[in-house]
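Q: Could you walk me through this model? I would like to start with the overall fold and then go on to the charges.

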Amino acid sequence: QALKQVGATMMSDLAKADRNIRSRQKVRGGLVMQLQQLQRVVQTAEMELREKLAECDNINAEERIKCSQLEQQLQHCRSSFVDAHTELESDLRERCSENRMNLDHGRGQHFKLRTQVNELRR
């Protein structure tokens, strides 16, 4: 009789353990499925991020090219400005020199005419 009871208890314990194992296997299976879904979501997000980064890299490259072109244009403008400034400065110096010569010549003429006027008055 006692042996039957121990056997029945063991069978009951084995059935409980079997149910627990199956229940845990179901839970584990559910967790594995959730983990796989999360992995797919993460992979999708990673792909999207890589695409966005590639777009940003392209935009950055385009912006670097534009900046480089603008810097070249600015350098050209600066160079042109310096050239024009130098040319203007040279022209102004030349004109000033001509004006000084003309002024000197005019003063000389004025002096001659004044001398002639004074001689005629005498």
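**Fold and charges**

A: The protein has one helix and zero strands, where helices (H or I, at least four residues) and strands (E, at least two) are DSSP runs, numbered from the N terminus. The radius of gyration of the protein is 51 Å, well over the 14 Å that the globule rule gives for 122 residues, so the protein is more spread out than a compact globule. That radius is taken over C-alpha atoms, and the globule rule is 2.2 Å times the number of residues to the power 0.38. This is a predicted model, in which local features need pLDDT of at least 70 and side-chain atom pairs count only at pLDDT 80 or more, while totals for chains, interfaces and linings use all residues. Residues are numbered from 1 along each chain as its sequence is written, and side-chain values use heavy atoms, with hydrogens and water left out.

Q: What box do the C-alpha atoms fill?

A: Taken along the principal axes, the box is roughly 175 × 20 × 15 Å. As a local example, the C-alpha atoms of M33 and S23, 10 residues apart along the chain, are separated by 15 Å.

Q: And how much of the protein is buried?

A: Buried residues make up 0% of the 122 residues, with buried meaning under 20% relative accessible area, exposed over 50%, and partly exposed in between (1.4 Å probe, protein chains only). The protein exposes about 12,000 Å², of which carbon and sulfur atoms supply 57%; these areas come from the Shrake-Rupley method with a 1.4 Å probe, and for residues only the protein chains shown count as cover.

Q: Where is M33 placed?

A: M33 is in helix 1, and with a relative accessible area of 54% M33 is exposed.

Q: Switching to charges, how many side chains are positive and how many negative?

A: There are 21 positive and 18 negative side chains, and the centres of the two sets lie 11 Å apart. Lys and Arg count as positive and Asp and Glu as negative, without His or the chain ends, and the place of a charge is taken as NZ of Lys, CZ of Arg, CG of Asp or CD of Glu.

Q: How many salt bridges does that give?

A: The count comes to four, a salt bridge being a side-chain nitrogen of Lys or Arg within 4 Å of a carboxyl oxygen of Asp or Glu. One of them joins D18 and R22 at 2.7 Å, N to O; both residues lie in helix 1, four residues apart, about one turn of the helix, and D18 is partly exposed at 31%.

Q: Which residue does E63 pair with?

A: E63 forms a salt bridge with K66, the closest N and O atoms being 3.9 Å apart. E63 is partly exposed at 38%, and K66 is partly exposed at 44%.

Q: What about R107 and D104?

A: Their side chains meet in a salt bridge at 3.9 Å, N to O. R107 is exposed at 54%, whereas D104 counts as partly exposed at 48%.

Q: Which residues form the negative surface patch?

A: D83, E87, D91, E94 and E98 form it, and E94 is in helix 1, which covers residues 2-121. Patches are made of residues with over 30% relative accessible area and no salt bridge, like charges being joined within 9 Å and nonpolar side chains (Val, Leu, Ile, Met, Phe, Trp, Tyr) within 5 Å.
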